[in-house]
Every structure is written in structure tokens, then in C-alpha cells.
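Have the model open and follow along.

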Amino acid sequence: MSQASLDFSSDVPDLPELVHASREDDLVTLTIQRPEVMNCLSFPTLRRFRTLLAELRDDLTLRCILITGAGDKAFCAGADLKERKSMPDERVPHFVRNIRALMDDVEAMPQPTVAVINGFAFGGGTELALACDLRIAAEDAKLGLTETALAIIPGAGGTQRLPRLIGKSRAKDLILTARRIEAAEGLSIGLLNRVAPRAELALQARRLAEAIAANGPIAVRAAKDAIDRGAELPIDQGLEHEARCYERVLGTEDRLEALAAFAEKRKPSFRGV
């Protein structure tokens, strides 16, 4: 977990349903429960979200995490600007550090994460989606790093994760203009992995998560680590890191089970050991 403190404020009540966790088999869905304010991120919401991630991080039986927003209008509209407006100036940097820490926590999860974008995803909402491993959106969803229109910059990783995903030129186009884009454009430039009709979004997101969960969980986590760390290294160092990740799967029972299942022409049963 990021080093930013979880102790946001002693006078902030614990409101667990600000982010709701629901589990079905080996999948967990985290849902931001603030549809009345477009699921924006307040201090208490950040605290609840980060606490849940900390609890889930070491659960080796959990194979994929889906992240979405309540309602049908917004995935996440970013920071809670009403809260920000009333915030003392000296407290703003603390808030920014913690919203950035949330994105770092999401990115650092050993389990794959899927952003299920069911509506608007602006500012910190797009940054939250960028911190996930994969992104699937409803056809009518809209995305954008809109901070420069508010005379600030994306401060929760957007200026770093977006260019790494879609390239510097395209990232500058979106960030410097504060342009909001349709899901179809997001798919075409590589910001999104998949787009689905709104009525099928939840089903297709679950099928994506189930496709991940069907594979060897130790191998999936190792592959994610190999990509995330290795892609930022020179190729020779990246290959060395890939080799270390490969070594993690060699002694697993799952690898032997996969070989046995192949020989016996049956579906493997992976246990994460």
C-alpha cells in the first residue's frame, strides 16, 4: 500500500457503504456508492476504498477485482469539488496525495483489476480507470482528464499513466485540451480494452473477469508483475525480471495440474498453490 496516511481526519465518521464490496466465487466487485454526486471521491470515500484494498490484497483466493460506480450515470466524476471548495488551502495537498495514493494502491494490487465504466469518468474517474489493468465501458460512457479546464493538472497519476498507455502525443491532446471523448474513441486509441452495449456491460465485464479467473492464479499474478515492472525497464533488465517471475510458477502444484489436465483432456482445477 502507498505510504500516504490512511488517517485522514479523526472527525470523519466510518461510512462503509461509501464503497461497497460484494463477492461471488473468486471475484469481488467494489462499487463507489455515491450516485447522487456522480460517485465523486471525498475523504471518507478514499479512506473506505483504500481500507478495502488493503484487506483484499493478501487474499490468495481472490482472482480478479471489478471496480465500478453505483447508478447508471457515472463511473466516477473525480474529486469531490464541493468538499474541495470548503477545504482549507493547507489541506488540499494532503487530499491530492491521498487520491493519488488510492490510484497507486489499485495499480499495486497483485490481483488483476477491471474498471467497469458505466457512465461519466472525468478527472480522477479516468485516473482511477487508468490505474486498473483493464477497462471496459458502456457504449454511451464518456471519459476525459478535464483538470486543465479547472486551472489544475491531473494530479493522481494521469499525466504519467495515460501517455504510457496511449502515447505522449495522444495524451497531450486529451490533457491539454481537457477534451471529453466518447467510448468509441477511447477504444480506438487504446484507452479502453472493450466497449459493450449498456445492457450487456455487467455481463461482458463478468465474462472478462471469469476468463482471467479461469487461469492459474499464481501465473496470472506473476504475468501481471512481469508486465508492470518489466515494461518500464530496458529490455535486458525486463527479460531478467520476466525470468524471475517465471521461476515463481515452476514449483507450483497448479503447473503440474495443468500438465495433467492436458494429458487427460480435461479442464484443469487450479487452487493457487
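Two strands count as paired if DSSP finds at least two bridges between them. The strands themselves are DSSP runs of E covering at least two residues, while helices are runs of H or I with at least four residues, and both kinds are numbered from the N terminus. A word on the ground rules: this is a predicted model, where local features need pLDDT of at least 70 and side-chain atom pairs count only at pLDDT 80 or more, though totals for chains, interfaces and linings use all residues. Residues are numbered from 1 along each chain as its sequence is written, and side-chain values use heavy atoms, with hydrogens and water left out.

Contact means heavy atoms within 4.5 Å.

Now zoom in on strand 5 (residues 113-117), which runs parallel to strand 3 (residues 64-69) and is joined to it by 3 bridges. Along that pairing, Ile65 is opposite Thr113, and Ile67 is opposite Ala115. Strand 5 also pairs with strand 7, again in the parallel sense, over 4 bridges. There, Ala115 stands opposite Arg135.

How many residues of strand 5 are buried? It's 5 of the 5, so the strand is largely enclosed by the rest of the structure. Buried means under 20% relative accessible area with a 1.4 Å probe, protein chains only; exposed is over 50%, and partly exposed is in between. In a regular strand, side chains alternate between the two faces of the sheet. Here both faces are covered, with Thr113, Ala115 and Ile117 buried on one side and Val114 and Val116 buried on the other.

On to the sheet of 4 strands, also open and mixed, in the order 4-6-8-9. Strand 4 (74-76) and strand 9 (181-182) are its edge strands, each pairing on one side only. Strand 8 (residues 142-144) runs antiparallel to strand 9, with 2 bridges between them, and Lys142 has Glu182 as its bridge partner in strand 9. Helix 4 (residues 124-131) packs on this sheet, touching strand 4, strand 6 (120-122) and strand 8, and its direction makes about 95° with that of strand 6.

Notes: Axes fitted to C-alpha atoms, helices over the stretch in contact; angles between N-to-C directions.
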